[in-house]
Amino acid sequence: VGRLLGIDIGGTKVAWALADRSGSVEARGRRPLDPSGDGEQDLDRIVADVEGLLERAGVATDTIDAIGVSAPSPQDPDAGLVLGPPNLPGWAQVAVRARLGAAFGRPVFLENDANAAALAEWRFGAGRGRSDLVYLTMSTGVGAGIIAGGRLVQGRAGGAGEVGHAPVEHPGEPCACGLRGCLEAYVGGAAWTKRLRRTAPATGRVAALAGGSQAITPVHVVAAAQEGDAFACAELERFNEYLARALVGLVFTLAPEVIVLGTIASAAGERLCFAPLREKVRQRAWERLARDLEIVPAALGEQTADLAGVCVALHGLAGDGGGAS
Ligand SMILES: [Zn+2]
């Protein structure tokens, strides 16, 4: 019947979905990930979740063409291993492809979450029909997926797309990765949250919206900037400035048709983020590269969790990287 099974393993939740090749979802489930500290055990539980889904949906495994898994980096894409992502304690070396292949007897493809989300936005979201696209995740950290010439760019050992750690300042702020001046150290949710809690005026609007300095997140800065608060507007300007530096580098390197921005940028919206960002990029890139470039919010939102894994399966079946079990 041409079904695809997608599994999205995040730091806080796991989602699974059965869909056809048009992205139409037939059945789905999700729950908090709740890591046990033992990746093998967590994966066994995910297998049980999926078995439950197939049983309830009355779907036989032999009607599934492929299984696609989206999981955090680092990974060994050739061996199908997840190799100890910081937000998955106990997943030091988990053989995702082998375990799922043994459980379901179908081809399994594994991809990092940023690439998987980029594939989903490309197939079914803001980049539909394009052949050159860059997608930036923009949540706790900054990940990227790059489609160039209609192919996912994977790089050596799947290492392409680490735009979040390209320098935008030198020497710059320390980054969680150990380097300094990385894009993520300026616009990543975790880094920005830390800075805001340190620098936001204790009696200011941002702190008031958050109910105290120590509860501030980027959400409160966006809300305060919408009201015109000066501190919040300056923070958004800083966010746009550093993001623009990274985007200009991408424009000159890849000449994308569309740049799709996720979580924080999407939440900040047109007036606070996209309009000023486009203007900065236009000023700093050649006219012929910037003219028709679209810089737009991600379109899939919560649907990403359903479609990321499904798109990894589609991509794997198309033979564009990834391997069968
Ligand atoms: Zn870094």
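Which residues of strand S12 are buried on one side, and which on the other? Keep that in mind while I say that what we're looking at is a predicted model. Okay, the answer: S12 runs over residues 258-261, with Val-258 and Val-260 on one side and Ile-259 and Leu-261 on the other, and all of them are buried. Both faces of that strand are covered, in other words.

So let's look at the sheet around it. S12 belongs to an open sheet of 5 strands, in the order S11-S10-S9-S12-S13, and the pairing is mixed. At the edges you've got S11 and S13, each with a single partner strand, so each has one side left without a neighbour in the sheet. As a reminder, strands of a sheet pair through backbone hydrogen bonds, either parallel or antiparallel.

Let's walk through the pairings. On one flank, S12 pairs with S9, residues 133-136, in the parallel sense over 4 bridges.

The antiparallel part comes in with S10, residues 144-148, which is joined to S9 by 4 bridges. For landmarks, Val-134 faces Ile-146 in S10, and Leu-136 has Ala-144 as its bridge partner.

Now, S9 itself. Leu-133 and Tyr-135 point one way, Val-134 and Leu-136 point the other way, and all of these are buried. Leaving out residues up to four places away in sequence, Leu-136 touches Gly-143, Ala-144, Val-163, Leu-243, Leu-247, Val-260, Leu-261 and Gly-262.

That takes us to the core. Which members of the largest nonpolar core touch the most other members? They're Leu-136, Val-187, Leu-243, Leu-247, Leu-261 and Ile-295, out of 51 residues in that core. The largest share, 11 residues, is supplied by helix H8, residues 230-254. And there's a second, separate core of 28 residues, with Ile-9, Leu-43, Leu-88 and Leu-110 among its members. In general, nonpolar side chains in soluble globular proteins tend to be buried together.

Next up, the metal. What coordinates the zinc ion? It's His-165 through ND1, plus Cys-175, Cys-177 and Cys-182, each through SG, at 2.0 to 2.3 Å. The angles among the 4 donor atoms are 104 to 119°, and the site is tetrahedral. For comparison, the ideal angle for four tetrahedral donors is 109.5 degrees. Along the chain, the donors of the zinc ion follow the spacing H-x9-C-x1-C-x4-C. His-165 and Cys-177 both sit in the loop between S11 (151-152) and helix H4 (184-187), so that pair ties together parts that are 12 residues apart in sequence. As for accessibility, His-165 has 23% relative accessibility, so it counts as partly exposed. Cys-177 comes out at 40%, which also counts as partly exposed.

The one I'd start with is Arg-3, in strand S1, residues 3-9. Buried or exposed, then, for Arg-3? Its relative accessibility is 15%, so Arg-3 counts as buried. What does its side chain do in there? The Arg-3 side chain makes a polar contact with the side chain of Glu-26 at 2.7 Å, and another with the side chain of Thr-63 at 2.8 Å. Setting aside neighbours within four places in sequence, the contact list for Arg-3 is Leu-18, Ala-19, Glu-26, Val-59, Thr-63, Ile-64, Asp-65 and Ala-66.

The other arginine is Arg-288, which lies in helix H10, residues 287-290. With 59% relative accessibility, Arg-288 counts as exposed. If you'd like a distance for orientation, Arg-288 and His-170 are 29 Å apart in space, C-alpha to C-alpha, and 118 residues apart in sequence.

Technical notes
Residues numbered from 1 in each chain as written. Predicted model: local features only at pLDDT ≥ 70, side-chain atom pairs only at ≥ 80, totals over all residues. Heavy atoms only, no water. Donors = N, O, S within 2.8 Å, 3.2 Å for Na, K, Ca; no water. Tetrahedral: all angles 85-135°; square planar, octahedral: opposite > 155°, others 65-115°. Helix = DSSP H or I, 4+ residues; strand = E, 2+ residues; numbered from the N terminus. Buried < 20%, exposed > 50% of the residue type's maximum accessible area, 1.4 Å probe, protein only. Pairing = 2+ DSSP bridges. Polar contact = N/O pair within 3.5 Å; in protein donor to acceptor, adjacent residues only side chain to side chain. Contact = heavy atoms within 4.5 Å. Core = buried A, V, L, I, M, F, W, Y, C linked by side-chain atoms within 4.5 Å.
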